[in-house]
Amino acid sequence: MALERWFRRSRPTRSDDDTSPAGLWLKCESCSAQIYRKDLVANLYLCPECGHHYRMPVDARIASLADEGTFERWSGRLAPTDPLEFVDTEPYPERMERVQQKQGRPDAIVSGAASLNGEPIALVVMDFFFAGGSMGSVVGEEIARAAERAAAEDRSLVVITASGGARMQEGALSLMQMAKTTVALEELTERRLPFVSVLTDPTTGGVTASFATLGDVILAEPHALICFAGPRVIQQTIKQDLPEGFQRAEFLLKKGMLDDVVPRDRLKEALGTTLRLLRGGAKVSEPEESHVATV
Amino acid sequence: MSLPFEKPILDLEAKIRDMRTYAEEQEMDLAEEIALLEARLERLKAQTFERLTRWQRVQVARAAGRPTGLDYVAHVFEGFRELHGDRTLGDDPAVVTGLAELGGESLVVIAQQKGRDTKENIHRNFGMSHPSGYRKAMRMFDLADKFGLPVVTLIDTPGAYPGIAAEEQGQAWVIAASIQRMSRLRVPAIAVVIGEGGSGGALAIGVANRVLILENATYSVISPESCAAILWRDAAEAPRAAEALKLTARDLRELEIVDRVIDEPIGGAHRDPAAAMDAVGVALRAELDALRGSTPEDLLRGRRARFRRLGRFVEIDAAA
């Protein structure tokens, strides 16, 4: 628990993990209903009136998916450095220290072992409230290690993504995490262990363009923004309005890019069933020596 | 067209030309003076290019007249046979693919192609691929594996195209798939960043056993302009962003992201394209020779290990 202390919040804060405005009550950004904050939290961060999906803090996410008392944390022993000596409006190390204090962890990711409806999994959850869930060396390494350890321990891999993309402050090293995470997934492929990717709001840039869309099964939460280039970038490029619902989960489901859009209160069940079915094969054929024949 | 910092060089070159003309017209012997100026010119070029800021290198990487993918294809390889189309959506002119020979050996070439003039730039979409381009590249990876042909990729793109159709057709999905497919090649693969290595759109064909970069080329997670727009809310801060991003060949070598930097002729590849392309040809032959004895399994494992290692972080001591 020494690690927990290392990243102990300097002062108790109410809603660091919370995108909604302060106060006991808030107005739903989708249906405008008055919501009692405790009801929102108790309801998996779904609006009790309209079901609007608010961004969910990591701990709540883990609690909502892992069978009670089964989550054992793997991550937390890796911390970012400042290989580029990057300074924007403030030096990168200072930015990181501030976010580490706020979020109580060394970087934008938590991984660990769990069981999910009895299925042995490695659960990886990205923290959008930590520097926009951006992927630098630590996030990439934690994902790679989780994939490799899952393979070694005969677990399926479940990743809940939420990320603005690659972390600019680590430059091309961040870009390389796209390749690193991708090659680490091969360990699972070789052992024919499932990788299910769950895309939540928002999943963009280098995360979408690497491991996130390499799931054997790709699920998404309702209305989640999922894209390579963000809507603003596209708008600036083409100088046109974007179609209604563009880059949202439902739109991408229609375009054939997702296996399903699953509301949060049914996600655990959907994952459990999917994993059980994927792993329930008779394994009639040996894995091909080379899995490269088709893409 | 010249770059701002090239002006003193071009001025001096003009002066030498004038002096030569004058000497001829007047039938005077100015050989000594001209030789002095030429020596000064070489020093000036060397000094200028030694001291380029990162932003200036970005400008060299994008300079008009810098050899493009197709220039390399014509100059470095023999008998290029272009192969079109992704068999699904169409044929993306921003990526040129096909078969060719290098030193008598067949291989697969995949080149990102910017235009050499406005008309070609529009046709090539400024080297920004749609999903179709990455699908075409993946088809080439299949072909390479099937026939045991080495793969050479030439990277030169501002990035994958950010447009409506590109997103609808799964730009992120095909980039991820291309990264994965390339990482699975069982043949030698060499990537050369010849100009701009723009983010995921570059990495999609950059998962090679050896990654080379030209001295004045860049490879970055984001363009300096976009980075500046996000961090300082002002694209005019691009020079500052270029410094911060450490995107030059030398920086990338230090970060172990590239394996080898190929020297350009003094003054940059755009001032002497043939010399730059020759240097790439020599480097490619050497790299292919070095990989020739490797087994498919070695090539696959080696490539995976190369990318698995990348990143900088610290392990926290649990007792701290």
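Which strands of chain A does helix α3 (residues 58-65) of chain A lie across, and at what angle does it run to β6(A)? I open with that question, and I answer it from a model that is predicted. Helix α3 of chain A lies across β5, β6 (119-126) and β7 (156-163) of chain A, and its direction is at about 165° to β6(A).

Those strands belong to an open sheet of 7 strands in chain A, with the order β3-β5-β6-β7-β8-β9-β10 and mixed pairing. At the edges stand β3 (72-73) and β10 (260-261) of chain A; each has a single partner strand, so one side of each is left without a neighbour in the sheet. At the β3 end, β3(A) runs antiparallel to strand β5 (residues 109-116) of chain A, and 2 bridges join the pair. Within that pairing, E72(A) is placed opposite A113(A) in β5(A).

One further strand of chain A deserves a remark on backbone geometry. Strand β8 (residues 195-203) of chain A contains P202(A). The peptide bond between D201(A) and P202(A) is cis, with omega of about -15°. As a reminder, most peptide bonds are trans.

I turn now to chain B. Its secondary structure amounts to 14 helices and 9 strands. The radius of gyration of chain B is 21 Å, close to the 20 Å given by the globule rule for 320 residues, so chain B is as compact as a globular protein of that length. The C-alpha trace of chain B spans about 70 × 55 × 40 Å along its principal axes.

Two helix pairs within chain B illustrate its packing. In general, two packed helices are described by the angle between their axes and the distance between the axes. For helix α6 (residues 131-147) and helix α8 (residues 171-183) of chain B, the angle is about 20° and the axes are 9 Å apart. That angle makes α6(B) roughly parallel to α8(B). Their crossing is left-handed. On the α6(B) side the contact includes Y134(B), M138(B) and F141(B), and on the α8(B) side it includes V174(B), I175(B) and R181(B). By class, this contact of α6(B) with α8(B) has 9 nonpolar, 2 polar and 2 charged residues.

The second pair is helix α3 (residues 54-61) and helix α11 (residues 238-245) of chain B, whose axes come within 7 Å and cross at roughly 100°. This makes α3(B) roughly perpendicular to α11(B). Here R54(B), W55(B) and V58(B) of α3(B) meet A238(B), P239(B), A242(B) and E243(B) of α11(B). The residues of this contact are 5 nonpolar, no polar and 2 charged.

Chain B also has a backbone angle to note. N125(B) lies in the loop between α5 (118-123) and α6 of chain B. Its phi is near 55°, a positive value in a residue other than glycine. Most residues other than glycine have a negative phi.

Finally, the interface. How many residues of each chain are in contact with the other? There are 56 residues of chain A in contact with 52 residues of chain B. Several elements of chain A each supply at least two residues to the side that touches chain B, among them α1 (2-6), β4 (78-80), α5 (137-152) and α9 (231-238). Helix α6(A) gives the most to that side, with 13 residues. By class, the side of chain A that touches chain B has 35 nonpolar, 15 polar and 6 charged residues.

Two parts of the interface can be described more closely. One is a strand pairing between the chains: β4(A) and strand β9 (residues 313-315) of chain B run antiparallel and are joined by 3 bridges. In β9(B), E315(B) is the bridge partner of L78(A).

The other is a helix contact. Helices α6(A) and α8(B) pack at an angle of about 60°, with their axes 10 Å apart, and their crossing is right-handed. M178(A), A179(A), T182(A) and V183(A) of α6(A) meet A176(B), I179(B), Q180(B) and S183(B) of α8(B). This contact has 5 nonpolar, 3 polar and no charged residues.

Methods. Residues are numbered from 1 along each chain as its sequence is written. Chains are lettered from A and ligands numbered from 1 in the order in which they are written. This is a predicted model: local features need pLDDT of at least 70, side-chain atom pairs count only at pLDDT 80 or more; totals for chains, interfaces and linings use all residues. Two residues are in contact if their C-beta atoms, placed from the backbone, lie within 7 Å. Helices (H or I, at least four residues) and strands (E, at least two) are DSSP runs, numbered from the N terminus. Ala, Val, Leu, Ile, Met, Phe, Trp, Tyr, Cys and Pro count as nonpolar, Asp, Glu, Lys and Arg as charged, and the others, Gly among them, as polar. Two strands pair if DSSP finds at least two bridges between them. Axes are lines fitted to C-alpha atoms, for helices over the stretch in contact, and angles run from 0 to 180 degrees between N-to-C directions. Angles under 35 degrees count as roughly parallel, over 145 as roughly antiparallel, 65 to 115 as roughly perpendicular and the rest as oblique. A crossing is left-handed if the near helix is turned anticlockwise from the far one by less than a right angle, and right-handed if clockwise. The radius of gyration is taken over C-alpha atoms; the globule rule is 2.2 Å times the number of residues to the power 0.38.
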